[in-house]
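Reader: I am new to this structure. Please take a close look at one part of it, the side-chain pairings, and start with the charged ones.

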Amino acid sequence: MTAARRRSYGVKGAPYGFLVPATILFALFFALPIGYAVWLSFRKVHVSGLGLGSGARSEVWAGVENYTDAFTDSELLDGALRVLGYGCIVVPVMLGLALLFALMLDSDKVRLAPFTRLAIFLPYAIPGVVAALLWGFLYLPDVSPFYFVLAKLGMPQPDLLDGGPLYLALSNIAVWGGTGFNMIVIYTSLQAIPAEVYEAAKLDGATPSQIALRIKIPMVAPSLVLTFFFSIIATLQVFNEPTTLKPLTNSVSTTWSPLMKVYRDAFGTGDIHQAAAEAVIIAFVTLVLSFGFLRAANRRNKQEAAR
């Protein structure tokens, strides 16, 4: 092989060489754990006799038994319904506020824009567990300063950690922590819109509200799709907030959300195989919903582009 040909192969193979470290990390810390979880989901522990002595417990093939048990598990289904109700509150409120804040910050009349952006984004930088503890302190009637003020004013003191208000309490934590990130994504897209578009609209007599509704929002639609996509995934994976608030109230069970059910089965009851099947189901549902939503969004974008 000539020197020129070796150099040619070296240049062509260079991109693949740069991909090797990322590929190894992806295989070790992402693909391999997923494959192991899938393998565990088709296994179960077989107990012989009283389960005592060497060899009394052995791991055997279970087929789809774990999946059948998961689909018929009322605790898992109830947790999924609770997360559905939780998501119906969190996603529209969080994205609505993020869009509103982004439009306000993109206005020419806004003052102290850098400070305002930082103030809105700052809650996102706080870890979820810390945020849940903070709000849990404010929700707890015995220690909350808000309940003290309400008592002094003679106003009713609702228990936000019991019954229906619990959904609002948990949703408030998610909205408070996630609005800033979504706002930054939308605001960045607004900043990328050419100034000539706004100038042309103003020459045509468009008001600021008309510019926002007919120009800004349609042009940041891809960012809205992206933030909605991220919000759906985060909602399906809710775990930190209810787990952190659980010691403060009896209304949050160990299976309040599907991920809490997986954690309980894996580390509470020790049924790692059932937990693996439940985790695979949650991952599959997340994948299907995400893929379906992105496909629908792409189809709509192609239809609008064709017009």
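Author: One definition comes first. A residue is buried under 20% relative accessible area, exposed over 50%, and partly exposed in between, with a 1.4 Å probe and protein chains only as cover. The model is predicted: local features need pLDDT of at least 70, side-chain atom pairs count only at pLDDT 80 or more, and totals for chains, interfaces and linings use all residues. Residues are numbered from 1 along each chain as its sequence is written, and side-chain values use heavy atoms, with hydrogens and water left out.

Start with K216. Both K216 and D106 are buried. Their side chains meet in a salt bridge, with N and O 2.9 Å apart. This bridge links distant parts of the chain. K216 sits in helix α9 (residues 208-219), while D106 is in the loop between α3 (74-105) and α4 (113-125). The two are 110 residues apart. A salt bridge here is a side-chain nitrogen of Lys or Arg within 4 Å of a carboxyl oxygen of Asp or Glu. Helices (H or I, at least four residues) and strands (E, at least two) are DSSP runs, numbered from the N terminus.

P218 is partly exposed, at 44% relative accessible area. Leaving aside neighbours within four places in sequence, P218 is in contact with A212 and L213. Contact means heavy atoms within 4.5 Å.

Now the other salt bridges. The structure holds seven. One of them joins the side chains of K44 and E65, at 3.0 Å from N to O. K44 lies in strand β1 and E65 in helix α2 (residues 65-71), so this pair ties together parts that are 21 residues apart in sequence. K44 is partly exposed at 29%. E65 is partly exposed too, at 35%.

Strand β1 (residues 43-47) also contains R43. R43 counts as buried, at 18% relative accessibility. Not counting residues up to four places away in sequence, R43 touches E59, V60, W61, A62, N66 and H273.

Next comes R264. R264 forms a salt bridge with D265, and their closest N and O atoms are 3.0 Å apart. D265 is buried, at 4%. Both belong to a network of salt bridges that links D73, E75, K261, R264, D265 and E278.

Then the rings. A search of the whole structure finds 15 aromatic pairs. Y36 and W39 have ring centres 6.0 Å apart and planes at 20 degrees, so they are stacked. The cut-offs are these: rings of Phe, Tyr and Trp (its six-membered ring) pair if their centres lie within 6.5 Å; planes under 30 degrees apart count as stacked, over 60 as edge-to-face, and the rest as tilted. Why are Y36 and W39 separated by about one helical turn? Because they are three residues apart in helix α1 (residues 3-41). Y36 is partly exposed at 49%. W39 is partly exposed at 40%.

Y263 and F267 make a tilted pair, 5.1 Å centre to centre with 45 degrees between the planes. They are four residues apart in helix α12 (residues 258-268), which means about one helical turn separates them. Y263 is partly exposed at 48%, whereas F267 is exposed at 63%. Elsewhere, F121, Y124, F181, F229 and F230 form one aromatic cluster.

Last, a nonpolar surface. V20, I24, L25, L28, F29 and L32 make a nonpolar patch of about 610 Å². Patches are made of residues with over 30% relative accessible area and no salt bridge; like charges are joined within 9 Å, and nonpolar side chains (Val, Leu, Ile, Met, Phe, Trp, Tyr) within 5 Å. Areas come from the Shrake-Rupley method with a 1.4 Å probe, and for residues only the protein chains shown count as cover. I24 lies in helix α1. I24 is partly exposed, at 45%.
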